[in-house]
Amino acid sequence: MTEPTERIDKEAVHISTPSTTLTTPRNAQQPAMKINTTRQSLLDALLVVSRAVSARAALQALSGILITADGEARLRATDMELGLEVGLEGEIEGGGSVVLPGRLLVEVVRSLPEGPVSLALREAERDIELS
């Protein structure tokens, strides 16, 4: 199995995995998901839902965090015994959802500098851009 990859540019971090699950809006006119928030808001939400991320999951999706944007941003995780869902404060542009490796996502967000953060779904590249 291929490991998740993380690429850091000068202005953005790109996270992708071979199993990254993307769902795109049905309306082609609607832009892809983009969430503008602060690093601290994103980190706080991730730290809550990451408690439900399975460390030794037989199903890869159980080690991930589902991020959805459909009018509001929500983060979800479950290990099939415990499920957590948290809202995320911020400005939403477009809609969609993605499942990303939970532990990797928390580590990357922790390493970002304080201030505004943009989380954008890049469908063609099958990854998420954090900038």
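Leu47 is partly exposed, its relative accessible area coming to 30%. In this predicted model, that residue is a handy way into the fold, since it sits in helix 1, which covers residues 39-49. Leaving aside residues up to four places away in sequence, Leu47 touches Val106 and Arg110. Arg103 lies 56 residues from Leu47 along the chain, yet the C-alpha atoms of the two are separated by 9.7 Å.

Two packed helices are described by the angle between their axes and the distance between the axes. Here the axes of helix 1 and helix 2 (residues 102-111) come within 10 Å and cross at roughly 155°. Angles over 145 degrees count as roughly antiparallel, so helix 1 is roughly antiparallel to helix 2. The crossing of helix 1 past helix 2 is left-handed. On the helix 1 side, Arg39, Leu42, Leu43, Leu46 and Leu47 take part, and they meet Leu105, Val106, Val109 and Arg110 in helix 2.

Is Ser50 buried or exposed? With a relative accessible area of 12%, Ser50 is buried, because the cut-off for that label is under 20%. Its contacts, not counting residues up to four places away in sequence, are Ile65, Arg103 and Val106.

Beyond residues up to four places away in sequence, Leu42 touches Thr37, Leu75, Leu88, Val109, Val117, Leu119 and Leu130. Leu42 also turns up in the largest nonpolar core, a set of 32 residues. Met33, Leu42, Ile67, Leu75 and Leu130 are the ones with the most contacts inside that core. Two of these, Leu75 and Leu130, are touched by Leu42 itself. As a general point, nonpolar side chains in soluble globular proteins tend to be buried together.

Now for the charged residues. Side chains of opposite charge can pair when their charged atoms come close, and the structure holds 6 salt bridges. One of them links Arg122 to Asp127, with the closest N and O atoms 2.8 Å apart. Both of these residues, Arg122 and Asp127, are buried. Arg122 has another salt bridge, with Glu129, where the closest N and O atoms are 3.7 Å apart. Glu129 is partly exposed, at a relative accessible area of 22%. Elsewhere, salt bridges with shared partners tie Glu72, Arg74, Arg76 and Glu85 into one network. Within it, the side chains of Glu85 and Arg76 meet at 3.1 Å, N to O. Glu85 counts as partly exposed at 40% relative accessibility, and Arg76 is partly exposed too, with a relative accessible area of 30%.

Met80 is not a glycine, but its phi is positive, at about 75°. Where does Met80 sit? Its place is in the loop between strand 6 (73-78) and strand 7 (83-88). At 63% relative accessibility, Met80 counts as exposed, because that label applies over 50%.

Technical notes. Residues numbered from 1 in each chain as written. Predicted model: local features only at pLDDT ≥ 70, side-chain atom pairs only at ≥ 80, totals over all residues. Heavy atoms only, no water. Helix = DSSP H or I, 4+ residues; strand = E, 2+ residues; numbered from the N terminus. Buried < 20%, exposed > 50% of the residue type's maximum accessible area, 1.4 Å probe, protein only. Contact = heavy atoms within 4.5 Å. Core = buried A, V, L, I, M, F, W, Y, C linked by side-chain atoms within 4.5 Å. Salt bridge = Lys/Arg side-chain N within 4 Å of Asp/Glu carboxyl O. Axes fitted to C-alpha atoms, helices over the stretch in contact; angles between N-to-C directions. Parallel < 35°, antiparallel > 145°, perpendicular 65-115°, else oblique. Left-handed = near helix turned anticlockwise from the far one by under 90°.
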